[in-house]
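Trainee: Please take me through this entry slowly, starting from single residues and ending with the whole chain.

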Amino acid sequence: MAMLAAIALSSFVLIATPKGELSLASIKVFPGSSRRLPNVKQDFAFVNFNLSADLTPLFHWNTKQLFLYLQAEYVDSKGVPNDVVIWDSIVRRKEDAVINVMGRNKYVFRDLSRSFRKAQPANYSLRYNLMPYVGVLTYGEAGRSSEPVSFPDPETVS
Ligand SMILES: *[C@@H]1O[C@H](CO)[C@@H](O)[C@H](O)[C@H]1NC(C)=O
Ligand SMILES: *[C@@H]1O[C@H](CO)[C@@H](O)[C@H](O)[C@H]1NC(C)=O
């Protein structure tokens, strides 16, 4: 038990801070409806991002894998803070830990109020969960957009 505790503690202390850069190429909002609620009009946001990060410092002998995710953080029209995961990825090997992704949200991004019109500008952050062989899951942030980004008005679809 004592040894396991020591191992878990040492891997915790060994955690380095990875450096990453995250920029938002474009954000667009389109009106639409979901398959489940076809009669309900709601807005969907599409976020194009450019992400690069070197996560190799997070790979040590006790790293089983990393769960990476991109999170949008904003205060909605009702004043409620929201954290929405819009993209994720799993990194299993140190060889794959240098990440360069130009991508778009993988998961549907919509607001509970069905509109982003009165939402405040969002920050975007790259976060990780480090899953160790021994010990507890640790969390961290590897990058963040440099400034809050406003949601544009919905585009008209002809
Ligand atoms: C994406 O970000 C990286 C690192 O900041 C930069 O070198 C690259 O030019 C960017 N690519 C585009 C298309 O903006
Ligand atoms: C976004 O980041 C700015 C600092 O850059 C901060 O003042 C603001 O509270 C953040 N917004 C949210 C919703 O976290």
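**Contacts, burial and ligands**

Trainee: Leaving aside residues up to four places away in sequence, which residues does Ser33 touch?

Mentor: This is a predicted model, where local features need pLDDT of at least 70, side-chain atom pairs count only at pLDDT 80 or more, and totals for chains, interfaces and linings use all residues. Residues are numbered from 1 along each chain as its sequence is written, chains are lettered from A and ligands numbered from 1 in the order in which they are written, and side-chain values use heavy atoms, with hydrogens and water left out. With contact taken as heavy atoms within 4.5 Å, and with residues up to four places away not counted, Ser33 touches Pro38, Val40, Gln42 and Phe44.

Trainee: Which backbone oxygen does the side chain of Ser33 reach?

Mentor: Ser33 lies in the loop between β1 and β2, where strands (E, at least two residues) and helices (H or I, at least four) are DSSP runs numbered from the N terminus. A polar contact is a pair of N or O atoms within 3.5 Å; within protein, one must be able to donate a hydrogen and the other to accept it, and residues adjacent in sequence count only if both atoms are side-chain atoms. At 3.4 Å, the side chain of Ser33 reaches the backbone oxygen of Pro38.

Trainee: Is Gln42 buried or exposed?

Mentor: Gln42 has its place in strand β2, and its contacts, neighbours within four places aside, include Phe30, Pro31, Ser33 and Arg114. Buried means under 20% relative accessible area, exposed over 50% and partly exposed in between (1.4 Å probe, protein chains only). Because the relative accessible area of Gln42 is 6%, the residue counts as buried.

Trainee: What is the phi of Arg114?

Mentor: Arg114 is found in the loop between β5 and β6 and is partly exposed, with a relative accessible area of 41%. Most residues other than glycine have a negative phi. Although Arg114 is not a glycine, its phi is positive, at about 75°.

Trainee: At what distance does the side chain of Asn105 reach the backbone oxygen of Tyr107?

Mentor: Asn105 is found in the loop between β5 and β6 and is buried, since its relative accessible area is 12%. Not counting residues up to four places away in sequence, Asn105 touches Ala45, Phe46, Val47, Phe49 and Ile86. The side chain of Asn105 reaches the backbone oxygen of Ala45 at 3.4 Å, and that of Tyr107 at 3.0 Å.

Trainee: Which residues of the largest nonpolar core touch the most other members?

Mentor: A nonpolar core is a set of buried Ala, Val, Leu, Ile, Met, Phe, Trp, Tyr and Cys residues joined through side-chain atoms within 4.5 Å. In soluble globular proteins, nonpolar side chains tend to be buried together. Of the 33 residues in the largest such core, those touching the most other members are Leu55, Leu66, Tyr74, Ile86, Phe109, Tyr124 and Phe151.

Trainee: Which strands each supply at least two residues of this core?

Mentor: From the N terminus on, the elements of the protein run α-β-β-β-β-β-β-β, that is, one helix and seven strands. Those that each supply at least two residues of this core are β1 (19–32), β2 (42–54), β3 (63–75), β4 (81–91), β5 (98–104) and β6 (123–132).

Trainee: How far apart in space are Gly140 and Thr17, C-alpha to C-alpha?

Mentor: Gly140 is found in strand β7 (residues 138–144) and counts as buried, because its relative accessibility is 18%. Not counting residues up to four places away in sequence, Gly140 touches Leu126, Arg127 and Tyr128. Gly140 and Thr17 are 123 residues apart in sequence, while the C-alpha distance between them is 8.2 Å.

Trainee: How much of the accessible area of ligand 1 does the protein cover?

Mentor: Around ligand 1 are Glu21, Asn50, Ser52 and Met102, a residue being near if one of its heavy atoms lies within 4 Å. Polar side-chain atoms lie 2.8 Å from an oxygen atom of ligand 1 in the case of Glu21 and 2.4 Å from one in the case of Asn50. Of the 360 Å² of accessible area (Shrake-Rupley method, 1.4 Å probe; for residues, only the protein chains shown count as cover) that ligand 1 has on its own, the protein covers 36%.

Trainee: How much of ligand 2 does the protein cover?

Mentor: Ligand 2 is surrounded by Glu73, Tyr74, Asn123 and Pro148, and one of its oxygen atoms is 2.4 Å from an N or O atom in the side chain of Asn123. Of the 360 Å² of accessible area that ligand 2 has on its own, the protein covers 40%.
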